[in-house]
Amino acid sequence: MQLATSSAFIGSGRLSTKFGGLYVKIADDNGMAATFRVMLREIADRTGISRMAVSLALRGKSGVSETTRKKVLKVAQELGYEPDPEVARLLSHIRVKKSVDTRACLALLNSGATPQDWKRYLTEQKYVEGAHARAKEYGYYIEQFWMNEPGMTLSRLGNIIWSRGIEGVIIAPLQSRLSGKVSRSVRLDFNLFSAVEISETVEWPDLNRAVHDQYTSMLKALDELSGLNYKTIGLVIEEALDLRVNGKWTAAYLRYRNQWGAKRLPPPLILPFPRQAAFNRWFDRYRPDAIISVDRLGLHFLIERGLDIPGEVGYASLDVDGEAREYPDVSGIDQNSDIVGAAAVDMLVAAINRGQRGVPVHPLRTEVEGSWKPGKSTVKKRNAAS
């Protein structure tokens with residue numbers, strides 16, 4: 001039996017029985033279940049407003065007065081107007097192709113001691129690379145702005161960005177060391193822009209965010225180490241780094257600790273500052289045969305203690321990019337940071353197209369799962385039961 005397929009075509013001057021004008025006809029190949037959509041021309045004819053102005057009003061774009069916008073929306077509602085997703089997709093594709101010659105700008109706001117501070121971290125570099133690549137696909141380019149520029153207030157920076165006609169802003173991860181006493185706010189006038197944040201470092205405002213899924217990555221690391229027959233797996237982490245992810249690493253670890261028991265997962269070692277003596281006391285008490293850590297902390301502790309890796313103790317990083325320059329063969333989680341950067345641009349362009357500005361009432365979050373990357377810092381251990 002041959003299944004009916006659907007097709008869309010423009011009705012050739014077909015008149016509505018209720019209103020005059022052209023409609024888009026959607027029907028299957030058998031002519032069944034036909035429906036009709038109000039076209040922009042219908043609204044333009046009823047209001048006496050140009051189709052360009054109608055389009056701008058329906059998309060929430062600037063260039064029309066508030067009176068015109070209200071008039072268009074009122075008539076559109078009366079006519080039962082609904083945007084056609086296939087047409088919107090086509091027009092979006094056309095705009096991307098066309099914008100190669102007239103690319104619009106997105107602002108990427110970074111912090112740190114210098115404008116190039118982010119380049120010290122491979123994870124941050126991948127955020128930026130992913131964002132640049134995805135912005136180019138949409139026909140945008142990204143310009144970076146340094147929030148800590150001497151003599152520059154955030155209020156003035158926001159006005160500069162707005163005066164440039166930039167509609168979208170990406171907040172890069174804050175570079176300052178985080179603690180419970182450090183302010184984690186970015187006080188721009190967000191009513192001027194569509195905005196999205198990469199990471200969890202900003203507490204205010206609560207924007208749409210693209211983040212790495214730290215919780216799932218911890219569970220994945222524990223599962224991988226367990227599959228390699230490690231029996232006692234410990235977590236060693238600096239407090240400031242756990243704050244950067246809102247405690248999601250420790251939360252996932254403690255969940256598994258409740259399930260597996262304290263013998264397999266000792267209490268996590270969370271240090272306000274790196275302390276070899278504190279690590280040594282913790283290690284002597286619990287004798288883990290594998291360590292999970294991030295930013296080389298646990299690895300440095302093991303090396304300083306003189307332990308063979310992976311012979312005596314296995315090591316897994318929660319961000320292999322963060323260790324790659326010094327230790328390129330470490331096992332652990334690839335956070336897929338380039339995809340996180342691309343996801344931030346996806347969210348931002350969608351917000352721009354919706355005309356969504358300001359701090360969202362219900363912030364959205366896109367989480368990107370990490371991937372386990374085998375390396376030389378772990379090894380398959382002989383199962384004691386065999």
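Let me start with helix 5, which gives the lining of the second largest pocket its largest share, four residues. This is a predicted model, and that pocket has a volume of about 800 Å³. Of the 38 residues that line the pocket, those closest to its centre are Tyr121, Glu124, Leu241, Arg244 and Asp295. Besides helix 5 (122-138), strand 8 (208-212), helix 8 (239-244) and helix 12 (320-323) each supply at least two residues of the lining, and by class the lining of this second largest pocket holds 15 nonpolar, nine polar and 14 charged residues.

Turning to the sheet, six strands form an open arrangement in the order 10-9-11-12-13-15, with mixed pairing. Strand 10 (269-271) and strand 15 (371-373) each have a single partner strand and stand at the edges, so one side of each is left without a neighbour in the sheet. From one strand to the next, the twist averages 20°. Within this sheet, strand 9 (residues 233-238) pairs with strand 11 in the parallel sense over three bridges, and leucine 235 has isoleucine 292 of strand 11 as its bridge partner. Helix 11 (residues 297-305) lies across strands 9, 10, 11 and 12, and runs at about 110° to strand 9.

Finally, a word on confidence: the mean pLDDT of the chain is 82, with 81% of its residues reaching 70 or more. Strand 11 (residues 290-293) has the highest mean, at 98, whereas strand 1 (residues 6-10) has the lowest, at 31. Over residues 1-36 the pLDDT stays under 50, although the model has 54 contacts beyond four places in sequence for them; over residues 97-102, where pLDDT is also below 50, the model has two contacts beyond near neighbours in sequence.

Technical notes
Residues are numbered from 1 along each chain as its sequence is written. This is a predicted model: local features need pLDDT of at least 70, side-chain atom pairs count only at pLDDT 80 or more; totals for chains, interfaces and linings use all residues. Side-chain values use heavy atoms; hydrogens and water are left out. pLDDT is the predictor's confidence in each residue, from 0 to 100. Contact means heavy atoms within 4.5 Å. On a 1 Å grid over the protein atoms alone, a cavity is a set of points where a 1.4 Å probe fits but cannot get out, and a pocket is an open set with protein on both sides within 12 Å along at least five of seven lines; lining residues have an atom within 4 Å of a point. Grid points are joined across faces, edges and corners, and a volume is the space filled by probe spheres set on the points. Ala, Val, Leu, Ile, Met, Phe, Trp, Tyr, Cys and Pro count as nonpolar, Asp, Glu, Lys and Arg as charged, and the others, Gly among them, as polar. Two strands pair if DSSP finds at least two bridges between them. Axes are lines fitted to C-alpha atoms, for helices over the stretch in contact, and angles run from 0 to 180 degrees between N-to-C directions.
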